[in-house]
Amino acid sequence: MATVDTAPSEPQAPLEQPRPSVPQVPQQASPASAEQSQSGTLIGSVQRAMRLLECVAEHEYGAPAKQLAREAGLALPTAYHLLRTLVHEGYLRRDKGLFFLGEAAVRLSSSAAAQKRRSTVADALAQWRDAIGVPVYYAQYRAGEIEVMCVSDTPGNPAVEEWADFRETGHAHAIGQCLLSQLDEDARRDHLDRHPVESITPYTVRDTRTLLRRLERTRRMDPVTERQEYALGTVCAAIPITVGTTAATMAISLPAHHADRLLSAVLQLQEEIGRLLGSLSISISI
């Protein structure tokens with residue numbers, strides 16, 4: 001009978017007991033590391049280019065590259081590279097070794113100024129809206145058309161819905177009638193030739209002759225009112241404002257069942273405008 005060699009068995013390592021899990025506490029980033037993380041998302045070349053633009057803007061009569069590099073805290077080769085790029089893109093122009101703001105930068109500045117003027121007008125309209133408790137409108141006559149530039153209303157006092165194009169129905173609403181009354185006879189007839197009078201409610205003026213007679217009787221600074229001529233259930237009033245050659249108007253609207261408030265509300269608006277018109281005279285040219 002064959003014998004089988006049996007090797008002595010090695011002792012088995014004892015089974016490890018599972019360790020209780022320890023919750024990991026998230027480590028908060030230090031202010032320094034947070035700042036580094038944020039700065040890592042910024043584009044350094046853009047920051048440096050903006051610093052150069054700011055430096056150029058401070059020199060009405062231009063400045064050379066070396067001076068701009070020094071003021072912006074940039075190495076001269078870096079400044080040269082960015083200046084060439086800004087000139088190529090139109091944000092700067094170079095003349096006899098000096099750098100000036102270019103047309104692209106001027107357009108940005110003009111746009112920013114226009115936005116500021118619009119904001120000034122919008123703030124004024126919101127102030128009058130809250131003081132009088134009615135929607136307030138600002139409109140101009142520009143390039144032969146009626147343009148509503150800004151409206152300020154609230155859910156409780158909503159603006160009139162433009163169900164028919166304001167530009168084509170100037171004969172029917174107070175805004176349009178007020179603007180047309182400020183035009184000379186030729187411009188007024190030209191507008192009505194392009195946008196003929198037509199009835200859009202039972203109360204709308206019936207024909208061009210009747211409208212022209214009404215406009216001719218309108219005195220220069222008197223409010224213009226209309227009652228349900230543009231929209232049934234709505235009455236409106238507008239105040240003429242002329243700044244230079246710009247025909248403009250501020251207007252209000254009310255539900256027809258509050259028509260008894262229309263005159264007092266528009267006179268209050270006229271008084272409010274009188275207080276601010278000096279500071280608004282530039283802004284309303286938006």
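I looked up the largest pocket and recorded a volume of about 300 Å³. A pocket here is an open set of points on a 1 Å grid over the protein atoms alone, with protein on both sides within 12 Å along at least five of seven lines. I note that a volume is the space filled by probe spheres set on the points, which are joined across faces, edges and corners. Lining residues have an atom within 4 Å of a point. Of the 19 lining residues of the largest pocket, I listed Q182, M221, P240, I241 and T242 as the closest to its centre. Strand 6 (234-243), strand 7 (246-255) and helix 9 (262-280) are the elements that give two or more residues to this lining. Helices (H or I, at least four residues) and strands (E, at least two) are DSSP runs, numbered from the N terminus.

This is a predicted model, in which local features need pLDDT of at least 70 and side-chain atom pairs count only at pLDDT 80 or more, while totals for chains, interfaces and linings use all residues. Residues are numbered from 1 along each chain as its sequence is written, and side-chain values use heavy atoms, with hydrogens and water left out.

**Cavity**

I searched the whole structure and found one cavity of 30 Å³ or more; a cavity is a set of points where a 1.4 Å probe fits but cannot get out. The largest cavity holds about 90 Å³ of space. Its lining includes Y137, F166, H173 and E226. Helix 6 (174-181) and strand 7 each supply at least two lining residues, and the largest share, three residues, comes from strand 7. I counted nine nonpolar, two polar and one charged residue in this lining. Ala, Val, Leu, Ile, Met, Phe, Trp, Tyr, Cys and Pro count as nonpolar, Asp, Glu, Lys and Arg as charged, and the others, Gly among them, as polar. By comparison, I noted eight nonpolar, eight polar and three charged residues for the largest pocket.

**Positive phi**

I checked K96, which is not a glycine and has a positive phi near 55 degrees. K96 sits in the loop between strand 1 (92-95) and strand 2 (98-101). K96 counts as exposed because its relative accessibility is 81%, where exposed means over 50% relative accessible area, buried under 20% and partly exposed in between (1.4 Å probe, protein chains only). I also found a positive phi of about 50 degrees at A143, again not a glycine. A143 lies in the loop between strand 3 (136-142) and strand 4 (145-152). At 84% relative accessibility, A143 therefore counts as exposed.
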